Amino acid sequence: SLKGVNFGDDKGIGPFNALMTSLAATIGTGNIAGVAIAIFLGGPGAVFRMWMTARVGMATKYDEAVLAVRFRVTDQNGKQVGGPIYCIQNGLGKMEMVGKRFVLFASIVGFGIGNMVQANSIANALNANFSIPEWVTSVVFLVLFSVVLLGGIDRISTITGKLVPLMVVSYIGAATIVCCSTLLQSQTLLT
């Protein structure tokens, strides 16, 4: 139950929405398309390698969250702000230029690695299954993303606070259905 959960106020986003915003970057189409492609190309050994990589990834995500809370600051509007740039600037001895470079490179990389791959996977799936042209999906995504991103961190955290729990439940539900149907098929093959 989410009763009593602090979703945020005028001093910044709450812990729940901050967690959901952080998790939004790690739960997405890459978990579906990436795993399927890795298993197809790499075979059964790919599953083991993904498990080992996931262990490192979970530890990294935990460290990232702890450091973001440890080095967050209050801005001129009284809101709590944090993240990698503040960890770099305040945790590594006031290295402001390194923090600014991080933001610049992360912004450039974010478009090529994350958003383009996910949008392409979704557009291809919609085209293959429902014959929706890729350009239509691109325009719809552009409008939706613009509405969310131009609202700033408050709107981003509000949307992710609602969307990420739905994504998690959908992901686990779909995985459970696939596992159960595969189990039923394998049992009929063995008998």
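This short talk describes the fold, the surface and two local features of one protein chain.

Please note that the model is predicted: local features need pLDDT of at least 70, side-chain atom pairs count only at pLDDT 80 or more, and totals for chains, interfaces and linings use all residues. Residues are numbered from 1 along each chain as its sequence is written, and side-chain values use heavy atoms, with hydrogens and water left out.

I begin with the overall fold. The protein chain contains seven helices and four strands; these are DSSP runs, H or I of at least four residues for helices and E of at least two for strands, numbered from the N terminus. Read from the N terminus, the order is β-β-α-α-α-β-β-α-α-α-α.

I turn to burial. Of the 191 residues, 12% count as buried, where buried means under 20% relative accessible area, exposed over 50%, and partly exposed in between, with a 1.4 Å probe and protein chains only. The chain exposes about 14000 Å², and carbon and sulfur atoms supply 71% of that area; accessible areas come from the Shrake-Rupley method with a 1.4 Å probe, and for residues only the protein chains shown count as cover.

Which residues are buried in helix α1? In α1, residues 15-24, they are Phe 16, Asn 17 and Met 20. These three lie on the same side of α1, because they cover an arc of only 95° around the axis, taken from the directions from the helix axis to the C-beta atoms.

Finally, consider Ser 131, in the loop between α5 (96-130) and α6 (134-149). Its phi is near 60°, a positive value in a residue other than glycine. Ser 131 is exposed, with a relative accessible area of 60%.
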